[in-house]
Amino acid sequence: MSTDTRTTGQTNGLGAASETLTVTDNRTGRSYEIPIVDGAVRSLDLRQIRTSEDDFGLLAYDPAFMNTASCRSSITFLDGDAGVLEYRGYPIEQLAEHSTYIEVAYLLVHGELPTAQQLEEWTHLITIHTFVHENVKSFMQGFRHDAHPMGMLLGAVGALSTFYPTPPRSTIRRAARSRRSG
């Protein structure tokens, strides 16, 4: 068996791999260096492990995502085993006891709890954007009296896009500028 080593991924700036995992494929004898980032390997890095050029590559199988990180979040920290849930570094218990829904919404969007003035401005912005077109009421009344709430929610959210089908002009202008500068 051959023992060629293939390296992918990140370096520490000096050309040397920083925190890697060496995997040897016993089927082919090849070894692979897979980077470890934030205590995890990317499942896509396993795709390079193949028995031949036309092989799709190795896949990761993790039933129920018991050992899979789905994303990296600067908003939420969750450690279910330890019973820890934090939003932007604040324990959920503290937010539930001492903050309003609007304050937590501000925290999630802006990264910090609002000052009194920021809360007043944020509440005003939220309030003026909570009005829903009167025809949505008619739409909701069109559901059967015993319709499942989840189906009603799904239909209503989909219907909202028909009441406000185009984004504000400022959004369109920003997108156009972004395309031109990119």
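Predicted model: local features only at pLDDT ≥ 70, side-chain atom pairs only at ≥ 80, totals over all residues.
Residues are numbered from 1 along each chain as its sequence is written, and side-chain values use heavy atoms, with hydrogens and water left out.

Let me begin with the overall layout. The protein has six helices and six strands, where helices (H or I, at least four residues) and strands (E, at least two) are DSSP runs numbered from the N terminus. Read from the N terminus on, the elements run β-β-β-β-β-β-α-α-α-α-α-α. Of the 182 residues in the protein, 14% are buried; here buried means under 20% relative accessible area, exposed means over 50%, and partly exposed lies in between, with a 1.4 Å probe and protein chains only.

I turn now to the aromatic rings. A search of the whole structure finds two aromatic pairs, the rule being that rings of Phe, Tyr and Trp (its six-membered ring) pair if their centres lie within 6.5 Å, with planes under 30 degrees apart counted as stacked, over 60 as edge-to-face and the rest as tilted. One of them joins Y106 and W122 edge-to-face, at 5.4 Å centre to centre and with 90° between the planes. Because Y106 lies in helix α2 (residues 101-110) and W122 in helix α3 (residues 116-128), this pair ties together parts that are 16 residues apart in sequence. Y106 is buried, at a relative accessible area of 8%, and W122 likewise counts as buried, at 14%.

F139 and F143 make an aromatic pair that is also edge-to-face, with 5.4 Å from centre to centre and 85° between the planes. Here F139 is partly exposed, with a relative accessible area of 33%, and F143 is partly exposed as well, at 25%.

Another ring takes part in a contact with a charge: the charged end of R47 sits over the ring of F56, 3.8 Å from its centre, a description that requires NZ of Lys or CZ of Arg to be within 6 Å of the ring centre and within 35 degrees of the ring normal.

What about the salt bridges? The structure holds three of them, each being a side-chain nitrogen of Lys or Arg within 4 Å of a carboxyl oxygen of Asp or Glu. As background, side chains of opposite charge can pair when their charged atoms come close. R27 and D25 meet through their side chains at 2.8 Å, N to O, and D25 counts as buried, at 6% relative accessibility. R72 forms a salt bridge with D38, in which the closest N and O atoms are 3.0 Å apart; since both residues lie in the loop between β3 and β4, the pair ties together parts that are 34 residues apart in sequence. Both R72 and D38 are exposed. The side chains of R144 and D146 also meet in a salt bridge, at 3.0 Å from N to O, with R144 exposed at a relative accessible area of 58% and D146 partly exposed at 46%.

The loop between β3 (31-35) and β4 (76-79) also holds Q48, which is buried, with a relative accessible area of 18%. The side chain of Q48 reaches the backbone oxygen of D45 at 3.0 Å.

F65 has its place in the loop between β3 and β4 too, and this residue is exposed, with a relative accessible area of 61%. Its phi is near 50°, a positive value in a residue other than glycine. Phi of R88 is likewise near 50° and positive; R88 is found in the loop between β5 (84-87) and β6 (90-91) and is partly exposed, at 24%.

F131 lies in the loop between α3 and α4 (134-141) and is exposed, with a relative accessible area of 65%.

How values were computed: Polar contact = N/O pair within 3.5 Å; in protein donor to acceptor, adjacent residues only side chain to side chain.
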